[in-house]
Structure formats: C-alpha cells, structure tokens
Amino acid sequence: MEFSSDANQRIARLAAHLQPQMDESSILRRADCRAKGGSPGFKVAILGAAGGIGQPLAMLMKMNPLVSVLHLYDVVNSPGVTADLSHMDTGAVVRGFLGQPQLESALTGMDLVIIPAGVPRKPGMTRDDLFNINAGIVKTLCEGVAKCCPNAIVNLISNPVNSTVPIAAEVFKKAGTYDPKRLLGVTTLDVVRANTFVAEVLGLDPREVNVPVVGGHSGVTILPLLSQVKPPSSFTPEETEYLTNRIQNGGTEVVEAKAGAGSATLSMAYAAVKFADACLRGLRGDAGVVECAFVASEVTELPFFATKVRLGRTGAEEVYQLGPLNEYERVGLEKAKEELAGSIQKGIAFIKK
Ligand SMILES: NC(=O)c1ccc[n+]([C@@H]2O[C@H](COP(=O)([O-])OP(=O)(O)OC[C@H]3O[C@@H](n4cnc5c(N)ncnc54)[C@H](O)[C@@H]3O)[C@@H](O)[C@H]2O)c1
Ligand SMILES: O=C(O)C[C@H](O)C(=O)O
C-alpha cells in the first residue's frame, strides 16, 4: 500500500518520537523544519538547568521564538525538567543531558551557552564565599565550551561573577579559543532591580526607566549611575544614598527573605532571559542592542568591568565608556575598583596556580 508523502512524513516523525534517544541530526532537522518561514533559530544550552534559576530560565527560553534548539544540562534532574518542558507547544526542541559524560553532547553545535550552575548563598554569606565550590564548576564547564562550541557566546551567571568571568577567560586562553567579545558576565539583575527601585521613587512605570549599572556584581562593586537615569531625573542626597544601598544589597535582601532556601531565582531567570534575548538579537544582526554586562574592558585600568555594551553578530562588539559621573559616583567608582581588582586577580590565580 502506498502512502502519500505527507503520510510518510508523519510516520517518520512518529517513529523518531518513539525512539528513546533521537539522534542529533533528526533533532536538528526537526528544529530546522519548525523554524521554517521564520528566523532560522538559535541553539542554546543551559548548564545548571535543573536549579532554582535554571528551571524558570529554561521555561522562558522554551518560549523564546529566537530559539530553535534548547539543550538542558545538569548533574541532577535534567531528564524530568526536559520531559516537563518538552510538552509546551512552542517552537524550540528541548533535549536533556545528565552528568559529566553527556556534557560534550549538550554543548556541541551551540550558539549561546547560559551558565547558572553552582551553589547559591545562604544568609550571612558573601558571594565570594561561593568561590571554592563554584570556581571548579565553572572551570569544568568552560573547558567543555572550549572543546565543543568554541564560537558560542557565553552568558555567565554563577557567582562570584567578578571572579568566575576571569576564570572562564583563563580557561579559554589556555585552550586557545578566547575571544573577549564572546564572554559576558550577567549583571542584568542589577539593572532590573535599579529600574524597579528608581521607578518606585520617581512614581513611574519601571518599563519606562533605564538605569546604567556599572562595575561588577557584588556589594560596592555594583555602581548604579543615577546621574544617567533615563528619563533624566534628579535625586536628593537621601534618595541617592537609599537607592544606591538598596541596589547594591538587592541580592542580600532576597537571600535574607528566603532564609536559607537560596538566593534570587525568579527575578534572575527573568533578567537572564532579557540578557540572552538581547544576545540572540545581536547574533541575528539587529542594530542598536545595548545592555550592561561584565566584560573584558579598557574603560578602567582593570581587565574586566561592567558597562553598557553593544551586542552584535560576534558578541560584545562595542564597550561603552562610563560617561560623565558626579562626585558621589566618582567616590563609588574608586571603592568598586579596589574590591574588583582583588576578585579579578583571585579568579585569574585560580587557573594559573
Ligand atoms: N549573576 C547574577 O546576577 C546571579 C543572580 C542569582 C544567582 N546567581 C548565582 O547563580 C548560581 C545558581 O543559583 P541557583 O539559585 O540556581 O542555585 P541552585 O542550587 O538552585 O541550582 C544550581 C544548579 O546547578 C547544578 N550544578 C551543580 N554543579 C553542576 C555542574 N558541575 N554542572 C552542571 N550543573 C551543576 C545543580 O545541580 C543545580 O541544579 C549561584 O552561584 C548563584 O549565586 C547569580
Ligand atoms: O545575591 C546573591 O547571592 C545572588 C545574586 O548575585 C543576586 O544578586 O541576587
């Protein structure tokens, strides 16, 4: 009996679905087919996808129309998260990877790798207290990136970001794959918080507010530039002090409220997707995509610094200068640089030791 070509395709799709593990080429064919008529779609991996950030981040990326293939890697629970998300009727094809032996398959062919793997803070801890565990995790994962998708853009979320980004850079240098434009420490949550808190003070909708936050991602290294808020606004010294402290301690506010159950996960997933989406729009060739990120930089004497960057087809294609600072911000900048220098050096020394 002859089947129509349409029926043949349906049978082939069913057969592929019934296979416990679809091979890579059929996954990619399916993804390409789903993306037909729209943008070709990007291949994105999340490392640490079963965690507090990883799960909502994976869900939001599954909903992102720019994503055609979504690889979810973790050392625990990734099959369950993958099965769950795979039932969502959105375009991205989801595939799960469990444990170190599957890391290379998770990374092969990826355009963007988002890394929220690692332990979070508990009350009383600093982000630097996470260094001993997270440094090794980031090192291993970045070695995988260097080997399997050296041209991917990397969005690094794992703390302490001020040290994990230098660690990643050293791993890539050692592997001979380092391109500073493609390594971005995610500081979007600081901007998201700053927009929210400033909007509260100004009585505006947070979606109308944009606050550049520069420096790094920890304590005094988080430096909101309130003099450059859009729409242009002025603040009393008390408002400036209140807002700066609240933005710098936003992470601790959540850690204390969660009382031992971890740190920001939902707002972080939102921020990570905002940033990843900007990276994908840049990769697609959209013009004028600008976000703050912690990147290799010549803006100060430090080798890494967070400022606004323009995202393009090759990553952070332009790193913007700080712009005019007021006296309060100049003092803050000196404090930020002092702390950042030590954190950056600690990361570099971890790989060079
Ligand atoms: N950059 C930021 O703004 C920001 C914001 C919030 C949290 N964070 C950081 O993100 C990290 C994750 O936070 P969370 O709340 O999701 O923690 P979590 O403990 O809920 O999840 C972390 C996940 O990482 C996985 N993991 C551990 N080792 C791994 C490895 N070797 N390979 C792959 N996966 C591994 C764990 O199994 C877990 O599923 C923490 O370091 C936290 O401090 C950063
Ligand atoms: O505060 C933390 O430890 C997590 C994260 O860096 C945050 O800013 O929420």
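This is a predicted model: local features need pLDDT of at least 70, side-chain atom pairs count only at pLDDT 80 or more; totals for chains, interfaces and linings use all residues.

Visitor: Which residues are around ligand 2?

Guide: A residue counts as near a molecule if one of its heavy atoms lies within 4 Å of it. Those around ligand 2 are Arg121, Arg127, Asn159, Leu189, Arg193, His217, Gly251, Ser263 and Ala264.

Visitor: What makes the approach of histidine 217 to ligand 2 a polar contact?

Guide: A polar contact is a pair of N or O atoms within 3.5 Å; within protein, one must be able to donate a hydrogen and the other to accept it, and residues adjacent in sequence count only if both atoms are side-chain atoms. A polar side-chain atom of histidine 217 lies 2.5 Å from an oxygen atom of ligand 2, so the pair meets the limit of 3.5 Å. Polar side-chain atoms of arginine 121, at 2.6 Å, and of arginine 127, at 2.8 Å, also face oxygen atoms of ligand 2. Alone, ligand 2 exposes 270 Å², of which the protein buries 95%; these accessible areas come from the Shrake-Rupley method with a 1.4 Å probe.

Visitor: How is the shell around ligand 2 divided by residue type?

Guide: It holds two nonpolar, four polar and three charged residues. Ala, Val, Leu, Ile, Met, Phe, Trp, Tyr, Cys and Pro count as nonpolar, Asp, Glu, Lys and Arg as charged, and the others, Gly among them, as polar.

Visitor: Which residues are closest to ligand 1?

Guide: Of the 29 residues that surround ligand 1, the closest are Gly52, Ile53, Asp74, Val119 and Asn159. The shell of ligand 1 comprises 18 nonpolar, 10 polar and one charged.

Visitor: Which backbone atoms make polar contacts with ligand 1?

Guide: Among them, a polar backbone atom of valine 119 is 2.9 Å from an oxygen atom of ligand 1, and one of glycine 51 is 3.2 Å from an oxygen atom of ligand 1. A polar backbone atom of isoleucine 157 is 3.1 Å from a nitrogen atom of the ligand. Taken alone, ligand 1 exposes 860 Å², and the protein buries 85% of that.

Visitor: Why is ligand 1 said to lie between domain 1 and domain 2?

Guide: Domain 1 (1-19 + 27-184) and domain 2 (186-350) both give residues to its shell, so ligand 1 lies between them. The domain bounds come from an automatic or database domain assignment.

Visitor: What is the phi of asparagine 77?

Guide: Asparagine 77 has a positive phi of about 60 degrees although it is not a glycine.

How values were computed: Residues are numbered from 1 along each chain as its sequence is written. Chains are lettered from A and ligands numbered from 1 in the order in which they are written. Side-chain values use heavy atoms; hydrogens and water are left out.
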